[in-house]
Amino acid sequence: MDFASLHELLHSTYDEMMPLCAQMTGIAKGIAGLGALFYIALRVWASIARAEAIDVFPLLRPFVLGFCIMFFPTVVLGTMNAVLSPVVQGTEMMVHQQEGNLAELTAKRDKLQEEAYLRNPETAYLVSNEKFDQKIEEMGIIGPEDALTIAGMYAERAAYQTRQWIMKMVHDLLELLFHAAGLIIDTLRTFILIVLSILGPIVFGIAVWDGLAGSLTAWFSRYISVYLWLPVSSILTALLTKIQVLMIEKDIEALSDPNYLPDSGTWYYIVFFLIGIIGYFCVPTVAGWIIEAGGGIGSYGRNVNQAAQRGAQSAYTGGRYAAAGAGSVIGNVGGRIKGALLKGK
């Protein structure tokens, strides 16, 4: 099964579904227009009631959000995907490079392993039909003892081939599950991105209203976090593939020794597929660490405002204490000067 074509199919599906968000712009513009009316009116009336000058710059926020709603597929999604897509392409290149090296080294390792079996007369008949027939011809069939020996050779050869077949079957099964887990992550990622893209204009329209501005930063953080699922999973795949490459290079180095006799203990290659399957469940968590969805970007403005308020309050308190201290000093000096003048009289 070609999993690369399935991943490309998911990517093309997202590209075809992304223009559907334009159908939500009409509803989003109505929500944003009503929110902008209350947003601007509240600030203008508050400035008039306090007899203050009207600050025009904050009033531009609804117009900027409205512009983003009108050209949402191009301005918002196009810009974000253009910035984030190089990350996906870079990690996929890492995976392709490691997989190419793994395929070449695996073929070389298998060839050296077969040659190592052929070098040993006691194991050559297990991997070569010609060596097996040659050994039978050399022995000949003289009596029942030879027949039992030949039957034992057939049984040993069948056991060797069965063991290799079972190991290959388990290896292929876990490799299938490994790639299937990666496909599941990519499918969920595509689904969530499509939902966020289609409903994105509605989120921008709601963000115009007072008290709901945090939904905009939450949408951005979740979109980026989910978008990074694929690069994180690609890095995991590249890491596990690199470990297998290093192990195969070690086997090739050992097989290059003419005196080395290979064994059938290749189960440790299968273990890394189990690690990869479990590791795919950690991909959303790791991507969330990179962009704290709803916790990092979403609370950044609140944290900055709280820090500014605490700083202003501290400055105000310190100013009061400083003014009180300065007043007491001036009063003390003034009292002494007055007393000295009275004594001079």
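**Helix packing and a pocket in a predicted model**

Helix α2 (residues 25-49) packs against helix α3 (residues 61-70) at an angle of about 175°, with the two axes 10 Å apart. This is a predicted model, in which local features need pLDDT of at least 70 and side-chain atom pairs count only at pLDDT 80 or more, while totals for chains, interfaces and linings use all residues. Residues are numbered from 1 along each chain as its sequence is written, and side-chain values use heavy atoms, with hydrogens and water left out.

Q: Why is α2 called roughly antiparallel to α3?
A: The angle between α2 and α3 is about 175°. Angles run from 0 to 180 degrees between N-to-C directions, along axes fitted to C-alpha atoms over the stretch in contact. Those over 145 degrees count as roughly antiparallel, and those under 35 as roughly parallel, so α2 is roughly antiparallel to α3.

Q: Which residues of α2 meet α3?
A: Contact means heavy atoms within 4.5 Å. Thr25, Ala28, Lys29, Ala32, Ala36, Tyr39 and Ile40 of α2 meet Arg61, Pro62, Phe63, Ile69 and Met70 of α3. By class, this contact has nine nonpolar, one polar and two charged residues. Here Ala, Val, Leu, Ile, Met, Phe, Trp, Tyr, Cys and Pro count as nonpolar, Asp, Glu, Lys and Arg as charged, and the others, Gly among them, as polar.

Q: What makes α9 roughly parallel to α10?
A: Helix α9 (residues 214-227) and α10 pack at an angle of about 30°, with their axes 4 Å apart. Because of this angle, α9 is roughly parallel to α10. Ser225, Val226 and Tyr227 of α9 make the contact with Trp229, Leu230 and Pro231 of α10.

Q: At what angle do α10 and α12 cross?
A: The axes of helix α10 (residues 229-255) and helix α12 (residues 283-290) cross at roughly 120° and come within 9 Å. On the α10 side, the contact is made by Trp229, Val232 and Ser233, and on the α12 side by Val283, Pro284, Val286, Ala287 and Ile290. By class, the contact has seven nonpolar, one polar and no charged residues.

Q: How much space lies in the second largest pocket, and which residues are closest to its centre?
A: The second largest pocket holds about 240 Å³ of space. Of the 13 residues that line it, His11, Tyr14, Asp15, Arg189 and Tyr227 are the closest to its centre. The largest share of the lining, five residues, comes from α4. The lining divides into five nonpolar, five polar and three charged residues.

Key
Helices (H or I, at least four residues) and strands (E, at least two) are DSSP runs, numbered from the N terminus. Angles under 35 degrees count as roughly parallel, over 145 as roughly antiparallel, 65 to 115 as roughly perpendicular and the rest as oblique. On a 1 Å grid over the protein atoms alone, a cavity is a set of points where a 1.4 Å probe fits but cannot get out, and a pocket is an open set with protein on both sides within 12 Å along at least five of seven lines; lining residues have an atom within 4 Å of a point. Grid points are joined across faces, edges and corners, and a volume is the space filled by probe spheres set on the points.
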